[in-house]
Amino acid sequence: MNMKAFFPMLLLGSLTLSACNAPKEETKTTTTTTASAGQTETAAAPASGGACMERIRKDGLRVITSPDYPPYESTNEQNEIVGFDVDMVNALAQEIGVEAKFTGQGFDGLIPSLISGRADLIAAGLTMTEERAKSVAFSDPYEETKNVIVVSAKDTAIKDAATLNGKTVGVQLGTVQADVAEKIAGADVRTFNLFSEALAALKSGQIDSMIVDAPAGQNYVKANSDIKLAGEMDGGNKALATQLECTDLVAELNAALATLQQNGELDKLRAKWFSDQAQ
């Protein structure tokens, strides 16, 4: 399967947005990072303009995510939030010279929480869309992914989007996958608060299929022998999101992203979290 392309996707303009979700009970964990002695001059220099970095340098970077969507974010046995997005944001925070503090919550509340000022950054496998860009400011994209259809391992009828006509399709509430499913002719779309709930419904035979990001779908299939991938669909570019007025934070994030691409750190994180799924 065609996996995703990490940088150089910085200038890609395709805009669609996908996401993951988290448990209904809020999960919290804090990760602290400090500036490394060897950080670059570009990353260390405060960005000009904007309204957020002065406070963030003083109080830390408040990051919200939706940790039930491995390998992007999930919780471990210690109830700590872990995953590719977590490691990446920690590395970015270290380049910028701030503390990153993570909180987990439901996906459909991420953007409202950001807009209301309860967080500085969303890191949740978010795909960029023009509609969401009206409410939040995106960093440069750090990844491009496809969507995939996941079905029972016994299913022989579903092979692509066209064969979802007359079939039940599980998606997470508020995601791009939900938007994609609604456009499939004849599909009976069922929404779930959590992707994990959609997966459980698929495994128990309550729905015929579900649509997720390719990395998440591959992760689910790897962990569950009774499901398989049945087809690939268009996806989009993933990015971090912050408040519209935080142009200084966006500048810092973009400079740090470029540094992590140039020094190979993003490649190391990709190998850590996605190597078993990449082709």
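This is a predicted model: local features need pLDDT of at least 70, side-chain atom pairs count only at pLDDT 80 or more; totals for chains, interfaces and linings use all residues.
## Neighbouring strands

Strand β10 pairs in the parallel sense with strand β11, residues 188-192, over 5 bridges, and within this pairing the bridge partner of Gln 172 is Phe 192 of β11. Helix α5, residues 176-182, belongs with these two strands to a right-handed β-α-β unit.

Strand β10 also runs parallel to strand β12, residues 209-213, to which it is joined by 2 bridges; here Gly 170 stands opposite Met 210 of β12.

## Packing of helices α3 and α8

Elsewhere in the model, helix α3, residues 84-96, packs against helix α8, residues 247-262, at an angle of about 105 degrees, and their axes lie 9 Å apart. Angles of 65 to 115 degrees count as roughly perpendicular, and α3 and α8 are therefore roughly perpendicular to each other.

On the α3 side, the contact is made by Met 88, Ala 91, Leu 92, Glu 95 and Ile 96, and on the α8 side by Glu 252, Leu 253, Ala 256, Leu 257, Thr 259 and Leu 260. The residues of this contact between α3 and α8 divide into 8 nonpolar, 1 polar and 2 charged.

Conventions:
Residues are numbered from 1 along each chain as its sequence is written. Side-chain values use heavy atoms; hydrogens and water are left out. Two strands pair if DSSP finds at least two bridges between them. Helices (H or I, at least four residues) and strands (E, at least two) are DSSP runs, numbered from the N terminus. A crossover is right-handed if, with the strands pointing away from the viewer, the path from the first strand over the helix to the second runs clockwise. Axes are lines fitted to C-alpha atoms, for helices over the stretch in contact, and angles run from 0 to 180 degrees between N-to-C directions. Angles under 35 degrees count as roughly parallel, over 145 as roughly antiparallel, 65 to 115 as roughly perpendicular and the rest as oblique. Contact means heavy atoms within 4.5 Å. Ala, Val, Leu, Ile, Met, Phe, Trp, Tyr, Cys and Pro count as nonpolar, Asp, Glu, Lys and Arg as charged, and the others, Gly among them, as polar.
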